[in-house]
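Let's go through some of the words used for a protein model and see what stands behind each one. Here is the structure to look at as we go.

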Amino acid sequence: MPVTGTTRRLTTAQALVAFLARQYTACDGVNHRLIAATWGIFGHGNVAGIGQALLESGPEVMPFHQGRNEQAMVHAAVGHARQSGRLSTHAVTTSIGPGATNLVTGAALATVNHLPVLLLPGDTFAGRPADPVLQQLEVPYAGDVSVNDCLRPVSRYFDRISRPEALIPAALNAMGVLTDPANTGAVTLALPQDVQAEAYDWPEEFFRERVWQVRAPAVEPEELAVAVRELRSARRPLIVAGGGVRHARAQDVLGAFAEDTGIPVASTQAGKGALPHDHPQDVGGVGHTGTAAADALARTADVVLGVGTRWTDFTTASATLFQNPDVRFLNLNVRPADAHKMGGHQLVGDARTGLAALRDALKGHRVPADHEAECARLKAAWEVRVSAAYAPASEDARPTQAQVLGVLDTLVTGDDILINAAGSLPGDLSLLDHVPTSADAYRDEIFGPVLCVLRAETYEEGLALINASPFGNGTAIFTRDGGAARRFQLEVEAGMVGVNVPIPVPVGYHSFGGWKDSLFGDHHIYGNDGTHFYTRGKVVTTRWPDPADGPSGVDLGFPRNH
């Protein structure tokens with residue numbers, strides 16, 4: 001940007017705040033403020049620069065939220081970005097020092113999930129009038145490394161602003177990445193302490209209002225034609241809706257497309273809620289934490305249309321879910337790097353635009369009646385299981401986690417937001433109690449946090465349930481009786497046994513060390529098989545003459561050269 005015409009004298013921090021306050025995104029004819037607010041924790045690395053600039057600008061220009069933990073600030077900013085459909089986000093500023101490394105977890109979350117967030121950590125003096133500064137990282141091999149460099153691998157864009165004028169191209173690049181649907185994520189502008197407070201004559205052009213149009217590219221006609229042919233010929237199609245459906249605001253067109261064609265829709269964890277649960281074609285989550293309905297359909301699907309999904313291991317059950325040898329994948333994704341996964345046919349484009357084009361091209365087409373009937377049957381059977389998991393054993397019984405979720409399910413509306421931690425909560429949506437041995441959930445081996453509860457009156461009955469299963473990956477017993485524990489180890493038919501340990505999987509290269517149908521391949525990875533597998537054998541052939549043939553009988557001396 002040439003420095004011509006009118007200029008405005010401001011510090012670098014003041015210029016950055018003024019610039020951010022004038023950035024907007026545009027979608028469907030509506031403008032949204034790109035940086036809606038700034039979170040901050042202040043110290044020597046940012047209080048005299050960004051801190052002063054935020055104070056002087058006031059909440060009318062840039063609203064400010066006081067943070068107490070750097071990681072929590074990023075999570076809050078990312079949550080705002082998710083709920084805004086990636087049309088808006090927050091900035092996060094910190095001082096220089098070890099505290100800035102707390103940004104890394106949140107930055108990784110944002111980048112992995114393609115959610116925009118702007119990080120503004122303070123940095124060491126660019127001019128080095130004082131070296132080192134308080135809590136500065138010092139490494140013997142480089143003088144220009146700070147703790148902020150650990151943000152490089154988890155940022156979509158990283159720049160260190162070593163001169164005031166360097167902010168102009170860096171800030172424009174940062175906004176371009178934040179508003180790019182295919183490449184958005186964490187953006188880091190590291191701001192040295194002295195540069196933040198350095199005054200400069202900024203061109204007024206830098207502060208003009210900018211509207212960044214959120215692109216929604218259409219799929220190439222040739223790519224679309226191939227997908228249409230595949231879907232028309234499919235006998236057992238399935239749609240897997242990922243987080244990209246929500247980011248592209250494609251829920252309505254997805255629902256209409258599924259309703260027109262009868263194709264069932266499963267969802268990834270990020271895509272949960274892409275369709276309401278009572279939509280006739282919605283079959284719930286898929287993969288490790290999926291429903292029995294969705295996973296049964298996935299195992300036999302012949303064409304799978306993935307919309308806005310990265311096909312992670314939880315979605316594919318570690319590449320074991322889609323078992324039809326002739327299955328073909330179609331991937332509608334705005335990001336080319338995700339569109340070719342699973343060896344699928346690429347449909348590079350916006351989810352909403354692409355689904356609308358597929359709906360028009362498949363007008364009048366519907367899946368075979370037997371497939372539609374099977375989807376309805378599986379969905380109804382799953383609803384019965386969910387109702388059983390939600391039902392309390394008695395009015396006085398302590399509720400399980402699943403039953404608490406059932407109560408929440410009756411209270412929340414479409415406008416409510418449920419925030420949960422990781423761990424068992426995602427999987428508890430798939431908790432099944434009172435499962436009979438005739439149920440698919442007992443007969444099928446499910447990899448992931450899906451808990452099926454079968455009840456037994458005695459130790460012998462419980463042992464018989466385990467040993468009668470065709471699978472034998474891992475099992476556990478909880479007891480204070482050493483004799484019972486020893487008996488269980490000897491009698492149970494499973495490859496990995498835990499005593500008062502809930503998940504008896506040793507830390508190793510993989511966990512498939514079970515018995516019976518749980519064993520993948522020909523050998524175990526633990527015990528003698530593992531030793532043999534990882535040991536290079538050597539065959540040595542020797543011949544020794546009989547000692548009786550020698551003149552002095554058995555020679556017990558050390559070998560020596562003659």
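Q: Why does Arg163 count as partly exposed?
A: Buried means under 20% relative accessible area, exposed over 50%, and partly exposed in between, using a 1.4 Å probe and protein chains only. Arg163 has 39% relative accessibility, so Arg163 counts as partly exposed. A word on the source: this is a predicted model, where local features need pLDDT of at least 70 and side-chain atom pairs count only at pLDDT 80 or more, while totals for chains, interfaces and linings use all residues. Residues are numbered from 1 along each chain as its sequence is written, and side-chain values use heavy atoms, with hydrogens and water left out.

Q: What makes the pair Arg163 and Glu198 a salt bridge?
A: A salt bridge needs a side-chain nitrogen of Lys or Arg within 4 Å of a carboxyl oxygen of Asp or Glu. For Arg163 and Glu198 the N to O value is 3.0 Å, so the pair meets that cut-off. Glu198 is partly exposed, with a relative accessible area of 27%.

Q: Which parts does the pair Arg163 and Glu198 tie together?
A: Arg163 lies in the loop between strand 8 (157-160) and helix 5, and Glu198 in the loop between helix 6 (193-196) and strand 10, so the pair ties together parts that are 35 residues apart in sequence. Helices (H or I, at least four residues) and strands (E, at least two) are DSSP runs, numbered from the N terminus.

Q: Asp180 and Arg215 also meet in a salt bridge; is Asp180 buried or exposed?
A: The side chains of Asp180 and Arg215 meet at 3.4 Å, N to O. Asp180 lies in the loop between helix 5 and strand 9, and Arg215 in the loop between strand 11 (210-213) and helix 7 (221-233). At 16% relative accessibility, Asp180 counts as buried.

Q: How many salt bridges are there in the structure?
A: The structure holds 20 salt bridges. One of them joins Glu372 and Arg366, with the closest N and O atoms 2.6 Å apart. Asp123, Asp149, Arg152 and Arg160 are linked in a network of salt bridges.

Q: How do you know that Ala250 is buried?
A: Ala250 has a relative accessible area of 0%, so Ala250 is buried. Ala250 is found in the loop between helix 8 (243-247) and helix 9 (251-261). Leaving out residues up to four places away in sequence, Ala250 touches Val245, Ala351, Arg352 and Leu355, where contact means heavy atoms within 4.5 Å.

Q: What is called the largest nonpolar core here?
A: A nonpolar core is a set of buried Ala, Val, Leu, Ile, Met, Phe, Trp, Tyr and Cys residues joined through side-chain atoms within 4.5 Å. The largest has 36 residues, and those with the most contacts inside it include Leu20, Met175 and Trp202. Helix 5 gives the most to this core, with eight residues. Another core, of 30 residues, lies apart from it, with Leu254 and Ile263 among its members.

Q: Why is helix 10 called roughly antiparallel to helix 14?
A: Angles under 35 degrees count as roughly parallel, over 145 as roughly antiparallel, 65 to 115 as roughly perpendicular and the rest as oblique. The axes of helix 10 (residues 292-300) and helix 14 (residues 369-390) come within 8 Å and cross at roughly 150 degrees, which makes helix 10 roughly antiparallel to helix 14. Axes are lines fitted to C-alpha atoms, for helices over the stretch in contact, and angles run from 0 to 180 degrees between N-to-C directions.
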